[in-house]
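Thanks for coming. I will take one structure today and go through it piece by piece, so please have the sequence and the 3D view open.

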Amino acid sequence: MDDDATTGVTADESLTLLCNPNADDGADATFSRVIQRIDNARESIEIHMFVWRNDNIGNEIGKAILRAAQRGVKVKIRKDRGAIMFERIEMNRKSFFHTKLPLMTRLKHAVFRPTFPKSFVRDDFGRELGEEVRNHPGVELEWVDHTHTKYYLFDEEFLITGSVNIEDRHRNYHDYMVEISGADLIRRFRERDARKASYNAERPIDFLVNHRHASPPAFEIKSQLMRFIAEAQHAIYVEMAYIGDPDISQRLIAAARHGVRVTVLFSRKANIGNDINYRALRELYECAEIRVHLSDKMLHSKLMLFDWKTAFLGSANISVFSMQKADELNISVHDRPVFLKAVNAEVKRRLAASERIESIRPLKEYSRILAAFQQLHQKLT
């Protein structure tokens, strides 16, 4: 066991929570560890990423990748194409790996831009570093669709995964990332990712994956999550950026009606999708006795706890997109007391800083204009 207050990590038998409860910067422990691992990599680095913004941290990680490639480390990057919408609409509106967008995508951006909160930040970051990284012979960049996974793999020894994108604004978010170390666990991840082994809930640490592009497509996260909810005896804690999958909502309602204490921590105002989020939240609140807390700080987390003894976290929201349409990576953890104690302590801190609400009705933020844009989006896609 290793508890290092200076770096904001808590380790428990090959599992490290990259979260510093005493820091205002919610992603410093993650970004610091990622850059450290990149600089220490000897042979290989793999990065699967949803958003990679051309901002300060995007460039810092890009510089570290370039240093690694220049000393002979083989780098493979799988980057989601659809996330360019968020890179180009929000914040500084710049992608680290700039690419020309198809006409239809540009039309979607024009349609959706008015629905996003105003967040523009002006800076001087150019495209030169991203071009240098992508054109280096030691770097392989692959564009993929509907991969929401966020992970880094170093030398087949260390895996860092969770819900943090590469962008500065995550420093102001609530998120969770974990580092998994050891050749045995990395081999297990490879087996699970390649669908060469079945998920085993008895393992203290195991991996669940959605593979949209597999043949046939495999969406296993939802089915296991439904089992976790059904098997909970006393308590379920939900800390989630985006919700709305109707089957999961109904399963949570059923659990609450059978006496399981369900607690939801949610953003008072998410960066996107407030109408879908609040519609699902209102359904939960009105159909069963569920405790709802709202955080003034944006929650980008994807965490659920069952009886405070099993953690389920990763890249997957409990939204239709994550559960049924996207590549995702989650882990389940039990029998790791130091890690679970750290997670529970952070949850307690976040709940203490939130507001428990007595009525969901005043929080509805639906917009007829937004609904019209969503209908248009469905037609375009």
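Trp52 is buried, and Phe97 is buried as well, where buried means under 20% relative accessible area, exposed means over 50%, and partly exposed lies in between, with a 1.4 Å probe and protein chains only. The rings of Tyr152 and Phe154 have planes at 5° and centres 6.3 Å apart, so this pair is stacked. As for the terms, rings of Phe, Tyr and Trp, the last by its six-membered ring, pair if their centres lie within 6.5 Å; planes under 30 degrees apart count as stacked, over 60 as edge-to-face, and the rest as tilted. Tyr152 and Phe154 are both buried.

Before going on, some notes on the source. This is a predicted model, in which local features need pLDDT of at least 70 and side-chain atom pairs count only at pLDDT 80 or more, while totals for chains, interfaces and linings use all residues. Residues are numbered from 1 along each chain as its sequence is written, and side-chain values use heavy atoms, with hydrogens and water left out.

Now the overall numbers. The chain has 12 helices and 18 strands; helices (H or I, at least four residues) and strands (E, at least two) are DSSP runs, numbered from the N terminus. Of the 381 residues in the chain, 55% are buried. Take the contacts between residues at least 6 apart in sequence: 75% of them join residues at least 24 apart. A contact here means heavy atoms within 4.5 Å.

Back to the rings. How many aromatic pairs does a search of the whole structure find? The search gives 10 aromatic pairs. Trp52 and Phe97 make one that is edge-to-face, at 5.0 Å centre to centre and with 75° between the planes. That pair links distant parts of the chain, 45 residues apart: Trp52 is in the loop between β4 (44-49) and α2 (56-70), and Phe97 is in the loop between α3 (84-89) and α4 (103-112). Together with Phe96, Trp52 and Phe97 form one aromatic cluster.

Gly58 is in helix α2 and is buried, with a relative accessible area of 0%. Not counting residues up to four places away in sequence, Gly58 touches Trp52, Arg53, Phe96 and Ile166. Gly58 and Gly130 are 72 residues apart in sequence, and their C-alpha atoms are 9.2 Å apart in space.

Two arginines also involve rings. The charged end of Arg37 sits over the ring of Phe158, 3.7 Å from its centre, and the charged end of Arg350 sits over the ring of Tyr176, 4.2 Å from its centre. The rule for this is NZ of Lys or CZ of Arg within 6 Å of the ring centre and within 35 degrees of the ring normal.

Next, the sheet. What is the strand order of the open sheet of 9 strands? The order is β11-β10-β17-β16-β15-β12-β13-β14-β18, with mixed pairing. β11 (218-219) and β18 (355-356) stand at the edges with a single partner strand each, so one side of each has no neighbour in the sheet. Inside the sheet, β10 (residues 205-211) and β17 (residues 328-333) pair in the antiparallel sense over 6 bridges; two strands pair if DSSP finds at least two bridges between them. Asp206 has Ser332 in β17 as its bridge partner. Helix α6 (residues 183-193) packs on the sheet and touches β10 and β17, its direction making about 30° with that of β10. Axes are lines fitted to C-alpha atoms, for helices over the stretch in contact, and angles run from 0 to 180 degrees between N-to-C directions. Helix α9 (residues 274-287) lies across β13 (261-267) and β14 (290-295), at about 150° to β14.

Strand β3 (residues 15-18) pairs with β9 (residues 177-181) in the antiparallel sense over 3 bridges, and Thr16 stands opposite Glu179 in β9. In a regular strand the side chains alternate between the two faces of the sheet. In β3, Leu15 and Leu17 point one way, Thr16 and Leu18 point the other way, and all are buried.

Last, some backbone details. The peptide bond from Ser215 to Pro216 is cis, with omega near 0°, and Pro216 is in the loop between β10 and β11. Arg195, in the loop between α6 and β10, has phi near 60°, a positive value in a residue other than glycine. Arg195 is partly exposed, with a relative accessible area of 41%.
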